[in-house]
Amino acid sequence: MASFDLSQMLGTLQSIWRQPQNILDIAIVAFVVYELLALIRKTRAAQLAKGAIVVLLFYAVAYLLNLRTVVWLMNSILQVGILALVVLFQPELRRALEQMGRTDKWAAKLFRTRRGDPSLRGRWQNACLAICDAAEQLSDTHTGALIVLERNTNLSEIIRTGTPLNGDVNREMLGTIFYEGTPLHDGAVVVRDGMLKAAGCVLPLSDNLEIGKDMGTRHRAALGMSENSDAVVVVVSEETGIISLAKNGVLIRRLDRQNLFDLLQEDLVPPEQETTQKQSFWRKKHEKKER
């Protein structure tokens with residue numbers, strides 16, 4: 001019996017090697033399973049996944065022990081189990097699809113994104129400097145602020161919830177917007193392509209239960225925005241004056257001006273190499289025309 005099983009196994013392996021597409025098939029499934037496990041592990045969905053595994057194990061035990069009533073009940077539950085999983089994991093599934101669509105490695109090659117446009121380098125540099133200056137000033141006066149910096153995910157829905165501005169990003173403008181008593185100071189400012197697009201915008205709140213009790217609605221809004229998009233969000237706490245940055249669902253706290261500028265520079269300003277290559281390309285093209 002053992003030799004038969006071994007020979008059958010060897011035959012299966014030989015048939016797999018004879019057809020290369022089978023190896024590709026297995027590799028794709030293994031990659032998808034690995035990515036799903038990695039995604040679940042990084043989110044609160046891990047607890048839900050453990051609960052689903054417990055239910056499946058309970059069903060297997062009931063089936064082996066021939067517990068007919070329990071098996072019938074579990075079958076009735078599992079008929080709607082897939083739909084229930086989709087509902088339970090909806091935030092994680094949405095975030096995963098958004099990440100697939102906005103991954104720089106893919107999007108930069110398949111689509112032309114504004115994030116990588118070299119013509120915006122100077123505008124983004126000025127905007128980052130102004131935001132850092134404003135954050136430092138607002139921190140000193142304990143004035144709350146919430147600044148959303150759009151990258152590849154379109155934030156038009158968020159912009160529509162606020163008041164349109166379409167102006168340059170400068171320290172004076174941000175200080176005026178977030179000054180306590182002004183009509184727009186409670187909302188968020190959205191910056192697109194290095195320009196102020198709107199103020200007083202409403203952001204989605206994070207339901208992360210691990211947020212510290214010393215962080216209020218602004219920090220929850222910053223995390224919620226970073227969880228639902230690839231935007232970078234700068235937060236200044238009104239109570240403590242601490243400067244924080246939210247990105248990819250993670251909040252980086254206790255930043256000074258230089259650290260904040262380095263992070264913004266890395267995430268928002270197009271590389272100088274791209275600008276140089278583009279200028280060189282147009283220079284050579286112009287020289288050919290002159291000849």
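Which residue's side chain meets that of aspartate 267 in a salt bridge? The partner is lysine 247, with N and O 3.1 Å apart. Keep in mind that this is a predicted model. Here's a quick tour of its cores, its salt bridges and a patch on its surface.

**The nonpolar cores**
- The largest nonpolar core has 33 residues, and those with the most contacts inside it are Leu149, Leu174, Val234, Leu260 and Leu264.
- Quite a list of elements gives two or more residues to this core: the helices α8 (121–140), α10 (171–177) and α12 (257–268), plus the strands β1 (145–149), β3 (188–192), β4 (195–201), β5 (232–236) and β6 (243–247).
- Helix α8 gives the most, with nine residues.
- Take a look at leucine 149: if you skip its neighbours within four places in sequence, it's in contact with Trp124, Ile131, Val191, Ala231, Val232, Val234, Leu264 and Leu268.
- There's also a second, separate core, made of 21 residues, with Leu203, Ala221, Leu223 and Val233 among them.

**Salt bridges**
- The structure holds five salt bridges, and three of them are picked out here.
- Back to the opening pair: aspartate 267 sits in helix α12 and lysine 247 in strand β6, so to speak two distant parts of the chain, 20 residues apart.
- Both aspartate 267 and lysine 247 are buried.
- Arginine 192 and glutamate 150 make another salt bridge through their side chains, at 2.7 Å from N to O.
- This one also links distant parts of the chain, with arginine 192 in strand β3 and glutamate 150 in the loop between β1 and α9 (156–159), 42 residues apart.
- Arginine 192 and glutamate 150 are both buried.
- Glutamate 172 pairs up with arginine 171, and here the closest N and O atoms are 3.8 Å apart.
- Glutamate 172 counts as exposed because its relative accessibility is 52%, and the cut-off for exposed is over 50%.
- Arginine 171, at 38% relative accessibility, counts as partly exposed.

**A buried glutamate**
- Glutamate 227 lies in helix α11 (residues 217–228).
- With a relative accessible area of 11%, glutamate 227 is buried, since buried means under 20%.
- Its side chain joins that of serine 206 in a polar contact of 3.0 Å.

**On the surface**
- Leu24, Ile28, Phe31, Val32 and Leu36 make a nonpolar surface patch of about 470 Å².
- One of these residues, phenylalanine 31, lies in helix α2 (residues 20–41).

Terms used:
Residues numbered from 1 in each chain as written. Predicted model: local features only at pLDDT ≥ 70, side-chain atom pairs only at ≥ 80, totals over all residues. Heavy atoms only, no water. Core = buried A, V, L, I, M, F, W, Y, C linked by side-chain atoms within 4.5 Å. Buried < 20%, exposed > 50% of the residue type's maximum accessible area, 1.4 Å probe, protein only. Helix = DSSP H or I, 4+ residues; strand = E, 2+ residues; numbered from the N terminus. Contact = heavy atoms within 4.5 Å. Polar contact = N/O pair within 3.5 Å; in protein donor to acceptor, adjacent residues only side chain to side chain. Patch = residues over 30% accessible without salt bridge, like charges linked within 9 Å, V, L, I, M, F, W, Y side chains within 5 Å. Areas by Shrake-Rupley, 256 points an atom, 1.4 Å probe, with all protein chains shown as cover. Salt bridge = Lys/Arg side-chain N within 4 Å of Asp/Glu carboxyl O.
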